[in-house]
2 protein chains.
Amino acid sequence: MARIICAGLGPGDPDLISVKSDRIIRAGQTIAYFRKAGKRGQARQIVEGMLRADAVELAMEYPVTTEILFNTPEYNDILAHFYDGWAERLVALPGEVVVLCEGDPFFYGSFMHLYTRLQGRVDIDVIPGITGMTGCWNATGVPITWGDDVMTVLMATLPEADLVQHMGQSDALVIMKTGRNLPKVRRALEAAGRLDAAWLVERGTMPKQRVMKLADLDDSDTPYFAIVLVHGHGRRPEIAE
Amino acid sequence: MARIICAGLGPGDPDLISVKSDRIIRAGQTIAYFRKAGKRGQARQIVEGMLRADAVELAMEYPVTTEILFNTPEYNDILAHFYDGWAERLVALPGEVVVLCEGDPFFYGSFMHLYTRLQGRVDIDVIPGITGMTGCWNATGVPITWGDDVMTVLMATLPEADLVQHMGQSDALVIMKTGRNLPKVRRALEAAGRLDAAWLVERGTMPKQRVMKLADLDDSDTPYFAIVLVHGHGRRPEIAE
C-alpha cells in the first residue's frame, strides 16, 4: 500500500522550500505533480536539479484548463473523474509517493482533492509550505499587516460586487487567481477606493519576478502567475513629531 | 556598517524553516531576537542547537508586555523608544546581524518596527517564513480554503462587534492574538453562528501541540500561543450521488 507525502514547495524560489520538504523531495523514489497538459509544470520547475537520477515521475495532467467554464456541471464531472482516477492510481502503488504542491498544500491547493479521496485509505503526511502570497508580499519590500489590521484573501473569480464589498471592509488585501480577471479586479479596487494603494507581483520570488503598482499596468499587459496586494497600515509605535 | 538579515523561522518546528534561513542562521556570527523579559524567548527556542558555538547573541527584551494597556500613549512611547534604541545599536555594529523572527517577518512581525527604522540606512535582507497560521491549519489536518473561499485574518484585540461582522462575511477565518481575548472570540463566533465550526490550535507544530474544537474548551482553560480557525468549504469537484 502506498504512503503519500505531500511536500509543500513554497512560493517558487527553491531556496524557500522547508528543510523537511527539501530532504523528502531529494530522497523521493516516486515523485508526482500536477501540471497543465503540454507544459513542464510550475511544481516540477521548482524542484529542477533536486530529484534523484532514478526517481520515477508521475505527471498528473489536468484534463481541462480554461476551455470549459469552471462553474458548469460538465467541468465538475471531468475534474472529479480526474481526481478519482489519480487517487486510485496512487493508492495502488506499492511504495512511498511524494506529491509536490506549490505554496502551502492546504491553502487553495490541488492536492486537497486527492487528500479528501485518500484520507483513511493510506497514510498521508502533509508538509506545510510558504504560501505564494507570503512570497509576493515579501517581494514588495513592504510589510503586509500591522497591529490590529484585518487581512482578507479574495479570489478574482468572485462576482465584482462581492469583491468591492470585501475590499472596502478590510485593511490589507490579497487577490489571487487574477489572470483574465485582472480588469475586473482593477474596477473593483477603484470602486472601493483602493486602486492607488494596490501592487501587482508577477512570478513572486521566481526568475523574471515583476513588482509594480497596479495602476501603472498597461491595459494590454497580461501578467502571468500574478497576485494583487494592498498593504495594511495598522498601529505602530512611533514618537510623535 | 551593519548588514541586517531577518530570517523568518516559520511556525515553530525547526524542520519547517526554509533552506535559506536555516543556512543563514547556522552561519550567523551575531544573532538577535526579541523576547519577553525573563523568558527564554520563542524565537531563540526554535533555533536551539543550530547556532555556532562562537555566535554572539543579542536578546532584545520588550520593556513592557501586558502591564500597560497597548492602546495608550504611554505604551506607544515606551515601545517606540525601545525600537529606536535597538535600531541605533544594530546600525552601529560592524558586521552582519541575523535577526530571528517567528513566522513570516512581514506578517504582524516585530521585526517590521526595526525594518522601517533601518530602511535606507543599512542593507536589509528579509527571508520569508511559513506563517504561524499556516502551521496551525496544517495541524488540524483539514484544508483551510477551497475554490472561491474568502479568508479573513482577524486580531482578537479588535472590538467584539467588529469581530462579529467580519466573522459573518467570510468563509474561512483565522483569529490571532487570542490570549486573554478568547472569551470575546467565543462570544463573537457564537453571535456569528460559527462557533461549532471553530478549532483551536495551541503551540501549532511545536512540542505539546494541542488541537481541539473551540466549543470543547473548558472556561478555566487558558491556552498559550493559540490560533482559532474556521475552515472554508468552497467549490470542490465531486461526482453527484
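Two residues are in contact if their C-beta atoms, placed from the backbone, lie within 7 Å. Keep that idea in mind as you look through the views below, which come from a predicted model.

**View 1. Chain A meets chain B.**
Here 48 residues of chain A are in contact with 48 residues of chain B. To find your way around the side of chain A that touches chain B, look for α1 (19-27), α3 (73-92), α4 (111-118), α5 (132-140) and β6 (151-155) of chain A, each of which supplies at least two residues. Sorted by class, that side of chain A has 26 nonpolar, 14 polar and 8 charged residues.

**View 2. Strand β6 of chain A pairs with strand β6 of chain B.**
Strands of a sheet pair through backbone hydrogen bonds, either parallel or antiparallel. In this view, β6(A) and β6(B) run antiparallel and are joined by 3 bridges. Which residue of β6(B) is the bridge partner of Thr152(A)? The partner is Thr152(B).

**View 3. An open sheet of 10 strands draws on chains A and B.**
Follow the strands in order and you will read β9(A)-β8(A)-β10(A)-β7(A)-β6(A)-β6(B)-β7(B)-β10(B)-β8(B)-β9(B), with mixed pairing. The edge strands are β9 (210-213) of chain A and β9 (210-213) of chain B, and each pairs on one side only. From one strand to the next, the twist averages 15°. Helix α5 (residues 132-140) of chain B packs on this sheet, where it touches β6 (151-155), β7 (172-176), β8 (198-202), β9 and β10 (226-230) of chain B. The direction of α5(B) makes about 65° with that of β10(B).

**View 4. Strands β7 and β10 of chain A run antiparallel.**
Now zoom in on β7 (residues 172-176) and β10 (residues 226-230) of chain A, which are joined by 3 bridges. A handy place to begin is Val174(A), whose bridge partner in β10(A) is Leu229(A).

**View 5. Chain B has an open sheet of 5 strands.**
This sheet has parallel pairing, and its order is β3-β2-β4-β1-β5 in chain B. At the edges you will find β3 (56-62) and β5 (123-127) of chain B, each pairing on one side only. Neighbouring strands are turned by 25° against each other on average, with direction ignored. Strand β1 (residues 3-8) of chain B pairs with β5(B) in the parallel sense, over 5 bridges. As part of your tour, find Ile5(B), whose bridge partner in β5(B) is Asp125(B). Helix α1 (residues 19-27) of chain B lies across β1, β4 (96-101) and β5 of chain B, and it runs at about 130° to β1(B).

**View 6. Helices α3 and α4 of chain A cross.**
Two packed helices are described by the angle between their axes and the distance between the axes. For α3(A) and α4(A), the angle is about 60° and the axes are 9 Å apart. The two helices are therefore oblique to each other, and their crossing is right-handed. On the α3(A) side you can pick out Tyr83(A), Asp84(A), Trp86(A), Ala87(A), Leu90(A) and Val91(A), which meet His113(A), Leu114(A), Arg117(A) and Leu118(A) in α4(A). By class, this contact has 7 nonpolar, 1 polar and 2 charged residues.

**View 7. Helices α6 and α7 of chain B cross.**
How do the axes of α6 (residues 160-169) and α7 (residues 182-191) of chain B lie? They come within 8 Å and cross at roughly 45°. Helices α6(B) and α7(B) are therefore oblique to each other, and α6(B) passes α7(B) in a right-handed crossing. Glu160(B), Leu163(B), Val164(B) and Met167(B) in α6(B) meet residues of α7(B) that include Lys184(B), Val185(B) and Leu189(B). The contact has 7 nonpolar, no polar and 3 charged residues.

**View 8. Chain A is divided into two domains.**
Domain 1 of chain A covers 3-130, and domain 2 covers 133-230. Taken over C-alpha atoms, the centres of these domains are separated by 26 Å. Where they touch, 6 residues of domain 1 of chain A are in contact with 6 residues of domain 2 of chain A. The domain 1 side of this contact has 3 nonpolar, 2 polar and 1 charged residues.

How values were computed: Residues are numbered from 1 along each chain as its sequence is written. Chains are lettered from A and ligands numbered from 1 in the order in which they are written. This is a predicted model: local features need pLDDT of at least 70, side-chain atom pairs count only at pLDDT 80 or more; totals for chains, interfaces and linings use all residues. Two strands pair if DSSP finds at least two bridges between them. Helices (H or I, at least four residues) and strands (E, at least two) are DSSP runs, numbered from the N terminus. Axes are lines fitted to C-alpha atoms, for helices over the stretch in contact, and angles run from 0 to 180 degrees between N-to-C directions. Ala, Val, Leu, Ile, Met, Phe, Trp, Tyr, Cys and Pro count as nonpolar, Asp, Glu, Lys and Arg as charged, and the others, Gly among them, as polar. Angles under 35 degrees count as roughly parallel, over 145 as roughly antiparallel, 65 to 115 as roughly perpendicular and the rest as oblique. A crossing is left-handed if the near helix is turned anticlockwise from the far one by less than a right angle, and right-handed if clockwise. Domain bounds come from an automatic or database domain assignment.
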